[in-house]
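Q: I have a chain open on my screen and would like to talk it through. Could you take me around it?

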Amino acid sequence: AQHSLVIGISGQVVAWGCNRHGRLGLGQAYDAVDIVSLPTSVADMAGGVRSVSGGGRHSAVVLRKGVVLLAGDNRQGQLGHDPDILQWSGSFLEIAEQTFTRQVRAI
């Protein structure tokens with residue numbers, strides 16, 4: 001694995017490792033940063049997080065209310081958005097509801 005995500009004791013999402021194409025979801029301030037060496041909190045994720053997962057070039061967060069958030073490479077549609085419109089995102093985006101079953105519990 002080239003990057004890691006964990007849920008901290010207080011419920012915050014923490015990420016580090018390769019950030020190419022924004023796969024850590026750390027936001028615009030980190031868009032030009034390829035490697036994040038130290039565990040870094042992902043903004044606007046405190047509490048309500050059920051699970052996290054790091055894919056090959058993207059990351060996913062499932063909130064307790066079933067919302068799925070994705071960040072990273074979208075060139076093959078990994079983030080659930082049209083790759084002709086969105087190549088990648090350095091911030092977590094909510095996946096469009098109609099593209100998955102609302103009862104997601106974990107990834």
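What follows is a chat about the strands, the cores and a few single residues.

Q: Before we start, what kind of model is this, and how are residues numbered?
A: This is a predicted model, in which local features need pLDDT of at least 70 and side-chain atom pairs count only at pLDDT 80 or more, while totals for chains, interfaces and linings use all residues. Residues are numbered from 1 along each chain as its sequence is written, and side-chain values use heavy atoms, with hydrogens and water left out.

Q: How many helices and strands does the chain have?
A: There are 0 helices and 7 strands, where helices (H or I, at least four residues) and strands (E, at least two) are DSSP runs numbered from the N terminus.

Q: And which strands make up the open sheet of 4?
A: The order in that open sheet is β4-β5-β6-β7, and the pairing is antiparallel; two strands pair if DSSP finds at least two bridges between them.

Q: Which strands stand at the edges?
A: Those are β4 (49-54) and β7 (88-94), and because each has a single partner strand, one side of each is left without a neighbour in the sheet. The twist from one strand to the next averages 10°, taken between axes that are lines fitted to C-alpha atoms (for helices over the stretch in contact), with angles that run from 0 to 180 degrees between N-to-C directions.

Q: What holds strands of a sheet together in general?
A: Strands of a sheet pair through backbone hydrogen bonds, either parallel or antiparallel.

Q: Take me across the pairs, then. How many bridges join β4 and β5?
A: β4 and β5 pair in the antiparallel sense over 5 bridges, with Ser53 opposite Ala60 in β5, and the hairpin that joins β4 to β5 passes through 3 residues.

Q: What about β5 and β6?
A: They also have 5 bridges in the antiparallel sense, and Val62 has Val68 as its bridge partner in β6. Their hairpin has 4 residues between the strands, and Gly66 in that hairpin takes a positive phi near 90°.

Q: And how many bridges join β6 to β7?
A: Strand β6 (residues 68-73) is joined to β7 by 4 bridges, and the two run antiparallel; Leu70 has Leu93 in β7 as its bridge partner.

Q: Is β5 mostly enclosed or open?
A: β5 is largely enclosed by the rest of the structure, because 5 of its 6 residues are buried. Buried means under 20% relative accessible area, exposed over 50% and partly exposed in between, with a 1.4 Å probe and protein chains only.

Q: Which residues of the largest nonpolar core touch the most other members?
A: Of its 16 residues, they are Val13, Val42, Met45, Val61, Leu69 and Phe92, and the elements that give two or more residues to this core are β2, β4, β5 and β6. A nonpolar core is a set of buried Ala, Val, Leu, Ile, Met, Phe, Trp, Tyr and Cys residues joined through side-chain atoms within 4.5 Å. A second, separate core of 6 residues includes Ala60, Val62, Leu70 and Ile95.

Q: What does Val61 touch?
A: Not counting residues up to four places away in sequence, Val61 touches residues including Val13, Met45, Val67, Leu69 and Phe92, where contact means heavy atoms within 4.5 Å.

Q: Where is Val67?
A: Val67 lies in the loop between β5 (58-63) and β6, and Val67 is buried, with a relative accessible area of 7%. The C-alpha atoms of Val67 and Glu94 are separated by 7.0 Å, although these residues are 27 apart along the chain.

Q: Changing topic, how many salt bridges does a search of the whole structure find?
A: The search finds 1, in which the side chains of Asp73 and Arg75 meet at 2.8 Å, N to O; a salt bridge is a side-chain nitrogen of Lys or Arg within 4 Å of a carboxyl oxygen of Asp or Glu.

Q: Last one: what is the phi of His21 near?
A: Phi of His21 is near 60°, a positive value in a residue other than glycine. Most residues other than glycine have a negative phi. His21 sits in the loop between β2 (13-18) and β3 (35-41), and counts as partly exposed at 26% relative accessibility.
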